[in-house]
Amino acid sequence: MSRLIRAVIDSGALRHNVEVIRARAPGARVMAVVKANAYGHGLVQTALALPNVDALAVARLEEGVRLRERGVRAPIVLLEGVFTREQLREAGRFELELVVHDALQVELLAAQPDAHRLALWIKIDTGMNRLGFRPEALRAAYERLRSLRPPLRDMRLMTHLAAADDPDGRMTREQLARFEAATRDIPGERSIANSAGIFGAVPVGGHWVRPGLALYGASPLPQRTAHELGLRSVMRLETSVIAVRRVPRGETVGYGANWRAERDARIAIVAAGYGDGVPRSLPNGTPVRVAGRRAPLVGRVSMDMIAVEVTAIDGVGVGTPVLLWGEDLPVEAVARAAGTIPYELLCGVSERVPLELA
Ligand SMILES: Cc1ncc(COP(=O)(O)O)c(C=O)c1O
């Protein structure tokens with residue numbers, strides 16, 4: 001048993017989740033969102049483990065180039081597009097598809113003689129107020145793109161949902177109505193749904209779906225578990241016990257002495273800390289699994305270690321396996337304890353944690 005923390009990536013679970021997503025969005029093509037190092041799962045290995053998707057999406061040019069350099073041949077969409085002439089040329093050289101969300105990008109394309117080779121996604125801001133043309137500005141941007149010679153390839157249309165995880169669905173319905181009104185007489189394929197849009201209360205539709213979180217087996221809906229949605233956890237963040245000690249009643253554990261033993265306790269010291277991406281904000285009582293049994297975190301998370309109370313678990317010693325999150329301990333539960341979201345925990349797994357494909 002290795003004493004080092006590692007993230008085991010279950011490629012079978014990844015492919016299973018794609019099929020679950022396909023069943024929820026019948027007929028739609030799947031653009032797998034692998035930005036931010038595939039939400040911490042490893043950009044290249046995740047892309048290579050996903051032969052059953054129709055396209056990949058990344059945020060930054062460098063991510064797309066890296067995928068191409070490692071032999072990924074699937075369509076790759078740059079969700080933020082490009083911002084300079086040089087980046088535009090680079091995107092063309094690596095055959096990356098571009099999101100166009102701003103007039104500056106339209107003018108970059110207008111100035112690029114071989115822009116017609118690029119596949120484009122025009123992004124419409126239907127209420128997120130982050131990226132995209134506002135509905136009233138869409139027509140001018142679209143006509144300008146359409147006027148370019150040689151003519152551009154098919155232009156596709158997309159928007160991003162701000163609150164698709166809200167069971168009430170009001171904002172999603174408003175965004176859909178704005179999207180429909182703005183794009184009514186513009187031809188081309190549509191893409192709207194992120195994970196919450198695929199599984200959420202309001203049917204979203206579109207020719208393409210863009211799942212991120214659900215691919216990795218975490219639930220995008222606060223009121224539904226991944227298990228209920230049929231999703232399987234892809235990352236197992238596991239480590240092991242490096243020391244066991246007896247802490248007499250009344251003594252404290254860790255920095256700041258913020259946990260005190262109310263009885264004579266047995267404490268396992270575990271190789272995982274904020275240097276690995278385990279948030280320092282995890283409070284006393286956060287669940288951890290030691291030897292397959294749930295046990296509470298006690299004391300502050302330090303850089304390389306956490307402490308777990310194992311008084312009630314027999315046979316814990318150096319090398320006993322510990323699960324921080326995975327199929328038997330949903331990352332959503334740990335995120336709730338940390339006051340954050342699973343996205344942040346998954347993306348936050350640090351570089352020193354080896355990613356092992358299983
Ligand atoms: C434009 C766009 N589409 C899709 C996604 C995937 O979202 P999720 O991980 O919630 O499925 C993201 C992620 O932030 C995004 O920015």
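Start by selecting glutamate 228 and arginine 224: their side chains meet in a salt bridge, at 3.4 Å from N to O. The model is predicted. Colour the two residues by accessibility: glutamate 228 has a relative accessible area of 47% and is partly exposed. Arginine 224, at 34%, is partly exposed too.

Next, select arginine 117 and aspartate 114. These two residues form a salt bridge, and their closest N and O atoms lie 3.5 Å apart. Aspartate 114, with 32%, is partly exposed.

Now go to arginine 29 and glutamate 189. A salt bridge joins them, with 2.9 Å between the closest N and O atoms. This pair links distant parts of the chain, the two residues being 160 residues apart. To see the setting, show strand β2 (residues 29-33), which holds arginine 29. Then show the loop between α8 (170-183) and β8 (190-191), where glutamate 189 sits. Are these two residues buried or partly exposed? Arginine 29 has 31% relative accessibility and is partly exposed. Glutamate 189 has a relative accessible area of 22%, so it is also partly exposed, since buried means under 20%.

For the last stop, select Arg6, Arg236, Glu238 and Glu356 together. Salt bridges link these residues in a network.

To finish, zoom out to the whole structure. How many salt bridges does a search of it find? The total is 23.

Conventions
Residues are numbered from 1 along each chain as its sequence is written. This is a predicted model: local features need pLDDT of at least 70, side-chain atom pairs count only at pLDDT 80 or more; totals for chains, interfaces and linings use all residues. Side-chain values use heavy atoms; hydrogens and water are left out. A salt bridge is a side-chain nitrogen of Lys or Arg within 4 Å of a carboxyl oxygen of Asp or Glu. Helices (H or I, at least four residues) and strands (E, at least two) are DSSP runs, numbered from the N terminus. Buried means under 20% relative accessible area, exposed over 50%, partly exposed in between (1.4 Å probe, protein chains only).
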